[in-house]
Amino acid sequence: MIERRALFFDVDGTLMGENGTIPKSALTAIKEARDNGDLVFINSGRVYPLAAYLDKYIETDGLLCGCGTDLRLGNEQLYVYYIPENIMEDIRSCYMNYNIDIFLEGPQGISPSPNLRIEESLNVAEFIKAQNGMTFMDFDDKAYRPSKFCVLSDEESDIDGFKERFQDIFDFIDRGDGFYECVPHGHGKGFAVFKILELCNIKPENTYVFGDSTNDIDMLKVVDHAIIMGEHDKAIEEYAEFVTRNVEDDGIAYAMKHYGIIK
């Protein structure tokens with residue numbers, strides 16, 4: 001008898017291609033795995049408001065959002081973390097001194113810092129707005145409780161100074177081109193995987209994770225079967241057990257067949 005397996009999928013660049021859709025082959029493969037009794041989870045840096053709409057297209061056993069800060073099994077929220085109020089006050093009061101742009105993120109929504117300066121920040125804002133009719137939270141609203149945040153910087157920014165100020169509180173994941181994903185210490189996609197495996201009593205050797213970028217390292221390095229997409233950030237290659245095809249080239253289905261998860 002085959003023991004139950006758990007599969008964890010990043011979204012952007014892994015499940016979903018540049019065209020913003022999930023290939024039919026991936027949907028079919030994931031359905032087959034679930035029909036066989038395996039558990040399937042989205043494990044994303046996206047916070048819940050940016051990930052919830054995926055339920056319209058793909059059935060899973062849970063959404064693990066915000067790099068391990070918001071974990072949901074079915075319709076139940078198992079765990080949530082909020083940045084302490086005093087830390088948020090410090091971030092809001094000092095970020096302008098470092099000439100950076102910030103996007104606060106949490107289960108309630110996303111909030112960009114006022115008067116975004118960097119061109120890529122404007123592109124990110126437009127991308128977020130395009131996702132399922134998203135609207136922004138008020139950056140200065142003390143009732144808004146973020147779980148993580150992203151920083152965008154350029155040659156005029158003192159990103160090193162900002163990182164030094166908060167390095168004891170957050171992990172700064174370098175996503176390239178001055179873009180950093182800032183996750184509270186003790187969290188991350190690996191934390192999300194461990195919590196689910198413990199809850200569902202699944203062994204690490206029966207666990208498969210799929211990713212393509214640097215915020216996936218945290219889960220790639222903690223399981224036996226780490227799969228990366230054909231198109232990936234070079235920084236994650238050392239953590240890969242298997243390199244599959246690109247998203248659009250049926251990379252998910254190809255890897256699942258390689259491991260015998262599906263026929």
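Student: Why is glycine 74 counted as partly exposed?

Tutor: Glycine 74 has a relative accessibility of 46%. Buried means under 20% relative accessible area, exposed means over 50%, and partly exposed lies in between (1.4 Å probe, protein chains only). The value of 46% therefore makes glycine 74 partly exposed. This is a predicted model, in which local features need pLDDT of at least 70 and side-chain atom pairs count only at pLDDT 80 or more, whereas totals for chains, interfaces and linings use all residues. Residues are numbered from 1 along each chain as its sequence is written, and side-chain values use heavy atoms, with hydrogens and water left out.

Student: Where is glycine 74 found, and what is it in contact with beyond its sequence neighbours?

Tutor: Glycine 74 belongs to the loop that runs between β4 (70–73) and β5 (76–80). Helices (H or I, at least four residues) and strands (E, at least two) are DSSP runs, numbered from the N terminus. Apart from neighbours within four places in sequence, glycine 74 is in contact with Asp61 and Gly62, where contact means heavy atoms within 4.5 Å. Asparagine 97, 23 residues away in sequence, is 42 Å from glycine 74, C-alpha to C-alpha.

Student: What makes serine 44 buried?

Tutor: Its relative accessibility is 1%, so serine 44 counts as buried. Serine 44 sits in the loop between β2 (39–43) and α2 (48–51). Neighbours within four places in sequence aside, serine 44 has contacts with Val11, Leu64, Cys65, Gly66, Cys67 and Lys189.

Student: How do you know that leucine 197 is buried?

Tutor: The relative accessible area of leucine 197 is 7%, and therefore leucine 197 is buried. Leucine 197 belongs to helix α6 (residues 189–200). Residues up to four places away in sequence are not counted in the following list: leucine 197 touches Ala6, Phe8, Ile202, Pro204 and Thr207.

Student: Why are the buried residues of α5 said to line one face of the helix?

Tutor: The buried residues of α5 (residues 159–166) are Ile159, Gly161, Phe162 and Phe166. Viewed down the helix axis, these residues fall within an arc of 160°, so they line one face of α5. The arc is that of the directions from the helix axis to the C-beta atoms. In general, an α-helix has 3.6 residues a turn, so residues three or four places apart point the same way. Asp160 and Glu164 are exposed on the other side of α5. The cover over the buried residues of α5 includes α3 (85–94), β6 (101–106), β8 (148–152), β9 (170–176) and β10 (179–184).

Student: Why is glutamate 237 called partly exposed?

Tutor: Glutamate 237 has a relative accessible area of 37%, and so it is partly exposed. Its place is the loop between β12 (225–228) and β13. With residues up to four places away in sequence left out, glutamate 237 touches Ile228 and His232.

Student: How do you know that the radius of gyration of the protein chain agrees with that of a compact globule?

Tutor: The radius of gyration is taken over C-alpha atoms, and the globule rule is 2.2 Å times the number of residues to the power 0.38. For 263 residues a compact globule would have a radius near 18 Å; the protein chain has 18 Å, and therefore the two agree. Along its principal axes, the C-alpha trace spans about 60 × 35 × 35 Å. The protein chain contains 8 helices and 13 strands, and 54% of its 263 residues count as buried.
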